[in-house]
Amino acid sequence: MDTRLYVITGHAFYKGRSLEDVIAAAIRGGADCIQLREKDYTGRQLLEAGHVLRRLTREAGVNLIINDRIDVAKAVDADGVHLGQGDLPIEVAREILGAGKIVGVSTHNVEEALAAERAGADYIGLGPMKPTQTKLDTDPVVGPAGVLAVRRAVQLPIVAIGGIKAEDTAEIIRNGANSVAVISAVVGAEDVETAARVIRGIVDRERGNR
Ligand code: TZP
Ligand code: MG
């Protein structure tokens, strides 16, 4: 699952704008994968948001991934799920989702990355790259140096996450990440479309350079 700019929802950052407006702008700016992640939503709220995102992502031809909730992923016919270390194992998620779906896993070190690869993940999230206020229970910072170590250990696409701003992107991609995942830097921007376009441009430039 190759992606270049992976944008994750975060309603606390929308400044009164709708989910639809924020994510449509992110997609116009170059987001090529959208993850629905709202830890404080009920199942029903997730389902509603998932339907909105499914329509937008389908129109644009970009992937839709659901965080944690395999049931919601199935209900909205998402392209896949993103699992944390404590969520259901990859094999179980695949069994439930059926063939052809994407399963991504959060990892924080070489060991977890290798385990995700052995278990058949389609990509790994790796982070946090920097301290972030968006998720307060993060593991210790892995940083761009961690990307280098994990890149040497696994073949899987690496999606770097955590505290990433436009100015951090070049080093992370140079160190071997395929993509960056962001919440606040895009969905919290005054101009969401431009914020996405700037980061996507850096990823494209740096990937062209390797
Ligand atoms: N997982 C590790 S850090 C993080 C998640 C979901 C939050 C990323 O948000 P931001 O605003 O891009 O730092
Ligand atoms: Mg989870």
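This is a predicted model: local features need pLDDT of at least 70, side-chain atom pairs count only at pLDDT 80 or more; totals for chains, interfaces and linings use all residues.
Residues are numbered from 1 along each chain as its sequence is written, while chains are lettered from A and ligands numbered from 1 in the order in which they are written.

**Entry: the barrel**

I turned to the strands, which, like the helices, are DSSP runs numbered from the N terminus (H or I and at least four residues for helices, E and at least two for strands). I count two strands as paired if DSSP finds at least two bridges between them. Strands of a sheet pair through backbone hydrogen bonds, either parallel or antiparallel. Here I found a closed barrel of eight strands, running 1-2-3-4-5-6-7-8 with parallel pairing. Neighbouring strands of this sheet are turned by 25° against each other on average, direction ignored, where the axes are lines fitted to C-alpha atoms (for helices over the stretch in contact) and angles run from 0 to 180 degrees between N-to-C directions.

I then followed some of the pairs. Strand 1 (residues 5-8) pairs with strand 2 in the parallel sense over three bridges, and strand 1 also pairs with strand 8 in the parallel sense over three bridges. V7 stands opposite I34 in strand 2 and opposite V182 in strand 8. Strand 7 (residues 158-161) joins strand 8 through three bridges, again parallel, with A160 opposite V180. Strand 3 (residues 63-67) and strand 4 (residues 80-83) are a parallel pair over three bridges, in which I66 stands opposite V81.

**Entry: what is buried**

I call a residue buried if 20 or more other C-beta atoms, placed from the backbone, lie within 10 Å of its own, exposed if 12 or fewer do, and partly exposed in between. In strand 2 (residues 33-36), C33 and Q35 point one way and I34 and L36 the other, and all are buried.

Which residues touch the most other members of the largest nonpolar core? Taking such a core as a set of buried Ala, Val, Leu, Ile, Met, Phe, Trp, Tyr and Cys residues joined through C-beta atoms within 7 Å, I found 67 residues in it, with V7, A26, A160, V180, V186 and I199 touching the most other members. Helix 9 (residues 192-208) gives the largest share of this core, seven residues.

I also looked at A113, which has its place in helix 5. A113 counts as buried because it has 24 C-beta neighbours inside 10 Å. Not counting residues up to four places away in sequence, A113 touches T107, I124, L126, V150, A153 and V154.

**Entry: the ligand and I183**

A residue is near a molecule if its C-beta atom, placed from the backbone, lies within 6 Å of it. Of the 14 residues around ligand 1, T132, T134, G162, I183 and S184 come nearest. The shell divides into six nonpolar, seven polar and one charged; here Ala, Val, Leu, Ile, Met, Phe, Trp, Tyr, Cys and Pro count as nonpolar, Asp, Glu, Lys and Arg as charged, and the others, Gly among them, as polar.

Of these I followed I183, which lies in the loop between strand 8 (179-182) and helix 8 (184-187). Is I183 buried or exposed? I183 is buried, because 22 other C-beta atoms lie within 10 Å. Leaving aside neighbours within four places in sequence, I183 is in contact with I8, G10, F13 and T134. The C-alpha atoms of I183 and T9 are separated by 6.3 Å, although the two are 174 residues apart along the chain.

**Entry: backbone details**

I found a cis peptide bond joining G127 and P128, with omega about 0°, and P128 is in the loop between strand 6 and helix 6 (143-153). K15, in the loop between strand 1 and helix 1 (19-28), has phi near 50°, a positive value in a residue other than glycine. K15 is exposed, because 11 other C-beta atoms lie within 10 Å.

Methods:
Two residues are in contact if their C-beta atoms, placed from the backbone, lie within 7 Å.
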